Amino acid sequence: MEKYKNILNIEEISSTNVYLFSLLKEKRLPEISVVSAEFQTAGKGQRGNSWHSERGKNLLFSHVVFPQQLAATEQFILSQIVSLALCKTLQSYGIDACIKWANDIYVGDRKIAGVLIETQLSGDFVSTAVVGIGLNVNQIDFPDFLPNPTSMALCAHKEFDKNEVLQQYLQNFESYFAQLSEREKIHREYTTLLYRYKTPARFADAGGEFEGTIINVEPSGKLVIHHENGNLCSYYFKEVRFVICQYDNMPMC
């Protein structure tokens, strides 16, 4: 039986995040209320990117939470919780996933999900957080301009019930959200699942490409990399990126 009932399904919408915020202006919604769409005309991703998805094939949804006493300076834990919930959901379907900092979800070297969290503050604390997620579920053909996509269907060689996957994610999210105060536990689990954690990798920052090794993620969300020149460098989101080589014969998962 479905546990989560506060789900508004819409055929087509500009952005589930934008729509959910508009609903919140009208009234206070129950926690973990969801807006889900079959297609987004202006889906938003991190770094100001758009999110591409074939109509009706994937999960495109946003949900709201109201954290209690979560300082604005500590809100990165929301990204950690969402990322862990997505990984656990995929693992329940036999798909091993990892977290590419800050909160992209990868299978191998391919992206299967993206997250965009937008918050509202009350003083120094987060009062409202809208979590937007695009999870590739049943799409098997992707446009060439997407560098490294994959989906649950490509990984498992079968189609999935999208609503079942959504329910599974919401259950996992609620479980992790209940552990919001257990920061060290969440941090350990998050770093364990980090893409290329403690493994030499190629990065690029304002100074160009370099080789480095991720050694930590600070509570603020800053990524700590041991640079090939011997320095420890800390980066906020958008200040550094992975350089991921693409190969024609790279497996889908």
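This report describes salt bridges, aromatic pairs and charges over rings in a predicted model.

Residues are numbered from 1 along each chain as its sequence is written. In this predicted model, local features need pLDDT of at least 70 and side-chain atom pairs count only at pLDDT 80 or more, while totals for chains, interfaces and linings use all residues; side-chain values use heavy atoms, with hydrogens and water left out.

**Salt bridges**

The whole structure holds 9 salt bridges (a side-chain nitrogen of Lys or Arg within 4 Å of a carboxyl oxygen of Asp or Glu). The table gives three of them.

| Pair | Closest N and O atoms |
|---|---|
| K3 and E174 | 2.9 Å |
| D109 and R196 | 3.2 Å |

K3 forms its salt bridge with E174. K3 lies in the segment before strand 1 (7–13) and E174 in helix 4 (residues 162–177), so the pair ties together parts that are 171 residues apart in sequence. Helices (H or I, at least four residues) and strands (E, at least two) are DSSP runs, numbered from the N terminus. K3 is exposed, at 55% relative accessible area, and E174 is partly exposed, at 31%. Here buried means under 20% relative accessible area, exposed over 50%, and partly exposed in between (1.4 Å probe, protein chains only).

D109 forms a salt bridge with R196. D109 lies in the loop between strand 5 (104–107) and strand 6 (110–122), and R196 in the loop between helix 5 (183–192) and strand 8 (201–205), so this pair ties together parts that are 87 residues apart in sequence. D109 is partly exposed, at 28%, as is R196, at 25%.

A network of salt bridges links E11, E12 and R55.

**Aromatic pairs**

The search finds 11 aromatic pairs (ring centres of Phe, Tyr or the six-membered ring of Trp within 6.5 Å; planes under 30 degrees apart are stacked, over 60 edge-to-face, the rest tilted). F173 and F177 are stacked, at 5.4 Å centre to centre and 15° between the planes. Both lie in helix 4, 4 residues apart, about one turn of the helix. F173 is buried at 1% relative accessibility, and F177 is buried at 14%.

Y195 and F242 pair edge-to-face, at 5.1 Å and 70°. Y195 lies in the loop between helix 5 and strand 8, and F242 in strand 12 (residues 241–242), so the pair ties together parts 47 residues apart in sequence. Ring pairs link Y195 and F242 into a cluster with Y106, F203, F210 and Y235.

**Charges over rings**

R28 lies over the face of F66, 3.9 Å from the ring centre (NZ of Lys or CZ of Arg within 6 Å of the ring centre and within 35 degrees of the ring normal). K222 lies over the face of Y236, at 4.7 Å from the ring centre.
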